[in-house]
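Here is a short briefing for a first look. Please have the sequence and the 3D view open.

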Amino acid sequence: MLNLHSRILHPFAGPAHHVPAPTVIAPTSEPLSVFLLWLLAAVLTFWSFGFTTVMGSDLWLALASGRWIWETSSLKFKDPWSFTRLGQAWMNQEWLSDLIFHAWSRWFGMATLVWWKWSVLVAAFVLVFLALRKISGNSLAAYLAALLGIAIGAPHFDVRPHLYSVLGFALLLHVAVQPSRFRWPVIVGFLFWVNLHGGFFFGLVALTVILFIARLLGESSRNAFALWLGCLAAGLANPHGPEAYIFPLHYVLNPQSLFLRVGEWTPPWEAGGTRSVLYFPAAFVFVLSVIGAFVARLHRRQPRLTYTGIVLGLLTLAMSLKSRRFIPLFGIAQGFLLAPVLTLYISRLAGRFHVVRWTVFRQYLLPMLATALGALWLHPYPLSSRAFLFLTNEDSLPVEAVSVAETNELSGKVFSFYPWGGYVDLRSQGRLKVYIDGRDDTVFDDETYRRYSRVLGVEEGWQDIVDGSGAEYFLWPRHQRKQVDTLRDSGKWRALYADRTAVLLIRSDMPRPGPLLPSPDSPWREVALGWRAASAKNFAEAEKRFRHALEMMPNLRIACEWLANIYARSDRMGQAEATLNDCQRLFPDPERYDELLTFFRTRADTEL
């Protein structure tokens, strides 16, 4: 029997006497053509989960940061964009990702970043599928387990650097399968990972679990400790040195930090933030997988893989229960145990059928069905850079407001909506200094975020915070009218610009920058002009503007939806519904479609 006490005290010591038999990797017996068919099914299916629409600051901040690094040729990070922390230290752990984003956009165009997202996401889950296939010896089980994993994490897959950590964890699964291989590549991988995303710290923890369990069960080579030290040393190769290891622990050391109330850091059961419908059912499935593994004695047949799967699953489950941002990691980890458990039940099911017929069915028909399913899911979406507008929710950003600010060379301090901060940083190139943006505590302190939160929540004294902030402009969403109306009615602020998305106020004691020059002709300008015409109930002019916007940018969904709204307000419901169907064909969103259709039918003479 294994001496667990000595193994815990000396996890990297030589193998003990009386160790369990080494874990045997399950062989996969299927023709190459069948494997390639499964691989095609995996690619198409996983690609179909790459169309999450998220409005966030991270992408715009990454692009702004990458441009700043490119132009300054410096890795000495001092805040260049806010007026509250200007010149203060900035903990930028994702500088290499930022530089890649900027270079990609510079060479191929910003909208083509959707291909970056799809490439990294599909590569990550194809690697997960291949690792689970090695563990289980069954392509169907590996496909289903990986499918559940990507479905769990899908709501969190944004165009931002965190996908590198998803890819890094997927690569670590292959180390878990065969810990005696991939030595130098793992060290080199951590050398890049530490500069791509802060999730490298989790990667090191996961690697520690993998190597520790392998050594504990006597299934690891003697230089495992050297591998671990090499990865630890590789993590120091970053602009911030040892602080890159300390910084990820600051939430543990400071659990009362207000930044833990930012949507992605909150627990998955709380309101607000991104929600994964499958997360809690998947957690239940994971518990059943653990029970099933012991009932089927997988811990005897594949001890190292089984215990590694249990520990990684429990670790990522605990992390994701604390913060929803870790849900994608749990999605990957749960498959490590689910795939071999599914294999056992699939084998039992196969035994009920004639062997020849089951073999034909399993080897050819099932991957063909999976391929067809993936293609069916993928078909409605735009498989081109046109998807960028939808995946980033660009039409919910103050595009035209910032264009007007650019045209009129506005500069100064702006109290802007938090999710818009990164976009203002990117577009204004520092001419407009923001109060706060999405860099959170890598730059800003708790007090700055507390004050912003009071303004957002319209809490007592919020107006004094805006007035006393030193901001010269106030940029806010039009639909949050209370802040805008209160500031304007106070006499201390006056409207400078407004459109269907944003309102820009200026302090009353500042000289008005003359009559505003119109921004260059663009579809966004046409939408703004169409909105103004619609607000004045000049429906003919509004229709003309929205149609022109769609001629200039056929995938501009907001112009399409406003055109439908004009038809509804003009008592042309048939045209409104037909146009709304056209909008859905640009990018399918059934929930959005139902809401708009209900709105048009019940409040036909009301603008969106």
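Phenylalanine 212 counts as partly exposed, at 26% relative accessibility. (Buried means under 20% relative accessible area, exposed means over 50%, and partly exposed lies in between, with a 1.4 Å probe and protein chains only.) The model is predicted: local features need pLDDT of at least 70, side-chain atom pairs count only at pLDDT 80 or more, and totals for chains, interfaces and linings use all residues. Residues are numbered from 1 along each chain as its sequence is written, and side-chain values use heavy atoms, with hydrogens and water left out.

**Around phenylalanine 212**

- Phenylalanine 212 sits in helix H9 (residues 200-216).
- Phenylalanine 225 is 13 residues from phenylalanine 212 in sequence; their C-alpha atoms are 9.3 Å apart in space.

**Overall build**

- The protein has 28 helices and five strands. Both are DSSP runs, numbered from the N terminus: helices are H or I with at least four residues, strands are E with at least two.
- The radius of gyration is 27 Å, close to the 25 Å that the globule rule gives for 608 residues, so the protein is as compact as a globular protein of that length. The radius is taken over C-alpha atoms, and the rule is 2.2 Å times the number of residues to the power 0.38.
- Along the principal axes, the C-alpha atoms fill a box of roughly 85 × 55 × 45 Å.
- Of the 608 residues, 56% count as buried.
- Take the contacts between residues at least 6 apart in sequence: 73% join residues at least 24 apart. Contact means heavy atoms within 4.5 Å.

**Serine 139**

- Serine 139 belongs to helix H6 (residues 139-153).
- Serine 139 is buried, with a relative accessible area of 3%.
- The side chains of serine 139 and glutamate 30 are joined by a polar contact of 2.7 Å. Such a contact is a pair of N or O atoms within 3.5 Å; within protein, one must be able to donate a hydrogen and the other to accept it, and residues adjacent in sequence count only if both atoms are side-chain atoms.

**Loop residues with positive phi**

- Glutamate 409 is not a glycine, yet has a positive phi of about 55°. Its place is the loop between helix H19 (399-407) and strand S1 (412-416). Glutamate 409 is exposed, at 66% relative accessible area.
- Glutamine 429, also a residue other than glycine, has a positive phi near 55°. Glutamine 429 lies in the loop between helix H20 (421-428) and strand S2 (432-434). At 47% relative accessibility, glutamine 429 counts as partly exposed.
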